[in-house]
Amino acid sequence: MRVRSPQDLVGGIALIALAALAFSQIGDLRIGTASRMGPGYFPTVLAGLTGLVGLVLAVRSLVLDGHGLESLNLRHGLPLLGAILVFGLTIRPLGLVLASALLFLVSAFASPELKWRETLVASVVLIGLAVLLFVVLLDLPFPVWPRM
Amino acid sequence: MDSVFSNLALGFSAAGTPTNLALCFIGALVGTLIGVLPGLGPIATIAILLPITFSLDPLGALIMLAGIYYGAQYGGSTTAILVNMPGETSSVVTTLDGHQMARQGRAGPALAIAALGSFFAGSVATFLVALFGPILASFAQNFGPPEYFALMLTGLIGAIVLASGSVLKAVAMVIVGLLLGCVGSDIETGEQRLTFGIAQIAEGINFTTLAVGLFGVAEILRNLEKTQDRSILGAKITGLMPTWADIKQSIMPVLRGTGIGSVLGILPGNGAVLAPYASYTLEKKISRTPQRFGKGAIEGVAGPESANNAGAQTSFIPLLTLGIPPNAVMAMMVGAMTIQGIVPGPTVMNENPTLFWGMIASMWIGNLMLVIINLPLVGVWVRLLKVPYRILFPAILMFCCIGVYSINSSGIEVMLVALFGAVGYFLVKHGFEPAPLLLAFVLGPLMEENLRRSFLIARGDPMIFVNRPLSAFLLLVAVGLLILVLLPAIRKRREEVFHEEE
């Protein structure tokens with residue numbers, strides 16, 4: 001047996017995994033009957049369908065020719081997602097200015113060509129702009145500096 | 001007819017206050033600013049800018065959003081013409097002749113005709129919205145739960161039919177979107193569903209978080225891996241205004257494009273996406289010199305751009321009258337309205353006429369702003385396009401994070417963006433198109449509610465959907481669409497159409 005469409009196979013497996021994850025969460029939600037649906041009815045049907053489509057996709061990938069796998073771009077992806085996580089983790093304790101600075105620092109590693117001086121200038125200007133826009137003009141309740 | 005004008009007058013007096021005009025102006029400006037950045041389509045642009053409207057009153061917020069929406073659309077066309085990089089499927093057609101015109105040093109006329117054609121189309125379509133909105137809304141009062149359910153199902157099937165790539169994968173996206181829509185507390189019992197015990201999603205996954213992750217972050221990632229081939233035209237843009245001959249050549253294409261776009265935009269299931277293609281094909285077919293197309297024919301810019309804008313505008317009709325978004329961009333608008341405490345639907349017009357008509361008037365004002373902003377500022381957009389991506393992408397990322405944080409002042413919410421960003425990137429890499437997912441996510445809770453009510457009325461008998469003529473008709477349309485897309489001949493043709501895009 002040969003995999004004719006690796007892209008579809010991985011996609012199908014991901015859908016099956018998602019369905020399993022959903023089923024594990026539905027747990028003991030009451031399903032009810034068609035005339036009186038419980039909270040579990042709709043999710044159960046959808047999770048079932050997700051798994052079914054995933055299965056069809058995976059099986060089809062063994063029969064029909066399709067696309068190969070594209071390489072995942074971890075070199076850019078990891079710093080980019082890392083930058084978001086760092087911002088989310090630090091915005092509360094450290095405030096807008098420092099959290100944004102960390103975001104720029106981490107995301108710089110995703111840059112196609114890194115120029116520290118340029119990054120530094122750009123981040124100072126952009127953080128200033130962000131404070132002006134969101135805190136001064138739009139008056140959103142942001143912690144700007146670390147809470148003492 | 002008289003009432004249309006008095007209603008429009010009410011709308012213009014509400015939307016025409018200096019504050020609201022300023023909001024519309026700022027919206028159109030920042031919308032274009034972000035929308036012009038290569039690789040960011042309207043969905044991503046609106047998602048990124050949505051949070052800046054949160055602190056406004058409902059009418060102001062919607063007016064600003066309308067500005068952002070049209071700005072994002074037009075920004076996409078600008079990038080398509082100048083850099084040959086369409087930010088969304090609907091501006092793919094514009095690259096064909098628009099970019100060729102730019103290469104011949106006629107970027108100015110191409111941009112001007114795109115703006116003027118869009119303005120004309122937008123004006124006509126705004127009037128159509130005002131005319132047909134009330135009629136459709138009063139018709140919608142006869143809709144019961146089964147009809148709503150059938151209509152949404154038809155819309156989702158339409159989204160599957162029009163998604164590019166594999167049909168099965170589009171089906172998967174719709175189902176996953178519906179499943180994500182289930183997350184949160186149950187509408188009847190309030191029990192927690194699929195929340196993994198995370199408090200931030202106890203009331204459901206936040207729409208902005210999902211959209212920013214799936215579209216904003218995933219698009220940045222995709223752009224980063226493309227080799228930076230943005231050889232933007234070095235030549236100066238001289239002669240912005242089109243010549244008299246240009247205008248004469250464009251009048252009929254603009255009129256035809258407006259007609260095509262207006263009709264296709266009303267259809268459920270994102271008919272608007274077809275409008276530019278239909279217009280381009282028509283112009284090429286009836287042209288006496290079809291060989292000029294693809295080599296810088298101004299008709300190939302004027303027609304599709306008008307059709308695109310007309311379709312974008314009339315797709316507000318199903319949203320405003322039925323409360324059902326026909327495509328992912330309109331789903332964004334639902335998200336924005338819900339945040340403002342407005343539930344879109346037939347009742348808005350009667351309960352809050354100022355808001356309803358103010359919003360319709362703001363569509364026209366938004367279109368006007370575009371002409372005012374874009375023609376003089378073309379030079380600025382060109383310079384913006386020259387800023388290297390290594391500076392742009394952290395800036396976009398920061399605005400995404402700040403925007404999402406501002407919704408609930410929650411850092412966890414920001415971290416969810418990283419999760420959805422990774423998911424969005426995975427989807428694109430494996431041939432799944434995320435737009436149907438977003439639409440299904442918004443429709444999911446509405447569909448579940450209407451399905452439950454329908455079955456409650458019918459005591460569990462599914463025949464209720466067939467016994468009521470209107471819902472039976474809608475379901476028939478859905479089945480018809482499904483059969484259509486599965487027919488081998490059409491399937492092949494569909495693949496060709498979407499293949500041309502790439």
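Predicted model: local features only at pLDDT ≥ 70, side-chain atom pairs only at ≥ 80, totals over all residues.
The loop between E2 and H9 of chain B holds B:Phe196. Residues are numbered from 1 along each chain as its sequence is written, and chains are lettered from A and ligands numbered from 1 in the order in which they are written.

B:Phe196 is not a glycine, yet its phi is positive, at about 55 degrees. Most residues other than glycine have a negative phi. B:Leu194, also not a glycine, has a positive phi near 50 degrees, and B:Leu194 is located in the loop between strand E2 (192-193) and H9 of chain B. Are these residues buried or exposed? A residue is buried if 20 or more other C-beta atoms lie within 10 Å of its own, exposed if 12 or fewer, and partly exposed in between, with C-beta atoms placed from the backbone. B:Leu194 counts as buried because it has 22 C-beta neighbours inside 10 Å. B:Phe196 is exposed, because 10 other C-beta atoms lie within 10 Å.

**The two chains**

Chain B contains 22 helices and 2 strands. Its radius of gyration is 22 Å, close to the 23 Å given by the globule rule for 502 residues, so chain B is as compact as a globular protein of that length. The radius of gyration is taken over C-alpha atoms, and the globule rule is 2.2 Å times the number of residues to the power 0.38. Chain A has 4 helices and 0 strands, and its pattern along the sequence is α-α-α-α. For chain A the radius of gyration is 23 Å, whereas a compact globule of 148 residues would have one near 15 Å.

The table sets out further values for each chain; two residues are in contact if their C-beta atoms, placed from the backbone, lie within 7 Å.

| Chain | Span of the C-alpha trace along the principal axes | Buried residues | Share of contacts between residues at least 6 apart in sequence that join residues at least 24 apart |
|---|---|---|---|
| Chain A | about 55 × 45 × 25 Å | 34% of 148 residues | 67% |
| Chain B | about 70 × 55 × 50 Å | 61% of 502 residues | 80% |

Chain A is divided into domain 1 (6-63) and domain 2 (74-137). The bounds of these domains come from an automatic or database domain assignment. Between the C-alpha centres of domain 1 and domain 2 of chain A the distance is 38 Å.

**Where the chains meet**

How many residues of chain B are in contact with chain A? The contact involves 54 residues of chain B and 57 residues of chain A. On the side of chain B that touches chain A, two or more residues come from each of helix H8 (167-182), helix H9 (207-225), helix H17 (389-408), helix H18 (411-429) and helix H19 (435-457) of chain B. H17(B) gives the most to this side, with 11 residues. By type, the residues of this side of chain B are 34 nonpolar, 10 polar and 10 charged. Ala, Val, Leu, Ile, Met, Phe, Trp, Tyr, Cys and Pro count as nonpolar, Asp, Glu, Lys and Arg as charged, and the others, Gly among them, as polar.

The largest nonpolar core has 209 residues, and B:Leu397, B:Cys401 and B:Val417 touch the most other members. This core draws at least three residues from each of domain 1 (6-63) and domain 2 (74-137) of chain A. A nonpolar core is a set of buried Ala, Val, Leu, Ile, Met, Phe, Trp, Tyr and Cys residues joined through C-beta atoms within 7 Å. Apart from its neighbours within four places in sequence, B:Cys401 is in contact with A:Ile84, A:Phe87, A:Leu103, B:Val414 and B:Val417.

Helix H12 (residues 299-314) of chain B has 16 residues, and from its first C-alpha to its last it reaches 22 Å, close to the 22 Å expected at 1.5 Å a residue. The expected span is 1.5 Å times one less than the number of residues in the helix. H12(B) is mostly covered, with 16 of its 16 residues buried.

Helix H15 (residues 346-351) of chain B includes B:Pro346. B:Pro346 counts as buried because it has 21 C-beta neighbours inside 10 Å. Leaving aside neighbours within four places in sequence, B:Pro346 is in contact with B:Ala137, B:Ala140, B:Gln141, B:Thr321 and B:Leu322. B:Pro346 and B:Ile483 are 137 residues apart along the chain, and their C-alpha atoms are separated by 31 Å.
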